[in-house]
Amino acid sequence: MATYRYRCAECGPFDVVRPIGTAGDAEPCGSCGGEASRVFTPPLVARTSRPLARALGAQEASAHEPRVVGRVPGAPRRPAPPADPRHARLPRP
């Protein structure tokens, strides 16, 4: 189903939902019964945001071509010692 927009000279714009390709050049207005002409509008095509598209692309690529790791990743770095010397006496996790 597609939404088609018409404009009545008396009442203004209104939408009509019909199967694709069945809209006529004119449609009777639901309010006043006058003839309303069709207004051509761009199609309502949704776009995927760039971050989501990148994530979906990576997911799709990894399903067929998983990345091969050549070596074990390095150990996580330890946090820098605290600037206050009193904090050095506190227990560490």
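These legends accompany several views of one predicted model.

View A. Welcome to the overview: the protein chain holds 4 strands and 1 helix. With a radius of gyration of 31 Å, well over the 12 Å that the globule rule gives for 93 residues, the protein chain is more spread out than a compact globule.

**View B. The extent of the protein chain.** Taken along the principal axes, the C-alpha atoms fill a box of roughly 85 × 40 × 15 Å. Among contacts with a separation of 6 or more, 18% join residues 24 or more positions apart.

**View C. The largest nonpolar core.** Here you can pick out 9 residues. They are Ala2, Tyr4, Tyr6, Cys8, Phe14, Val16, Ala23, Cys29 and Ala36. Two elements, β1 (2-8) and β2 (12-18), each give two or more residues to this core. The largest share belongs to β1, with 4 residues.

View D. Of the 93 residues in the protein chain, 12% count as buried. The protein chain exposes about 8800 Å², and carbon and sulfur atoms supply 56% of that area.

**View E. Charged side chains.** Look for 14 positive and 8 negative side chains across the protein chain. The centres of these two sets lie 25 Å apart.

Definitions and conventions
Residues are numbered from 1 along each chain as its sequence is written. This is a predicted model: local features need pLDDT of at least 70, side-chain atom pairs count only at pLDDT 80 or more; totals for chains, interfaces and linings use all residues. Side-chain values use heavy atoms; hydrogens and water are left out. A nonpolar core is a set of buried Ala, Val, Leu, Ile, Met, Phe, Trp, Tyr and Cys residues joined through side-chain atoms within 4.5 Å. Buried means under 20% relative accessible area, exposed over 50%, partly exposed in between (1.4 Å probe, protein chains only). The radius of gyration is taken over C-alpha atoms; the globule rule is 2.2 Å times the number of residues to the power 0.38. Contact means heavy atoms within 4.5 Å. Accessible areas come from the Shrake-Rupley method with a 1.4 Å probe; for residues, only the protein chains shown count as cover. Lys and Arg count as positive and Asp and Glu as negative; His and the chain ends are not counted. The place of a charge is taken as NZ of Lys, CZ of Arg, CG of Asp or CD of Glu.
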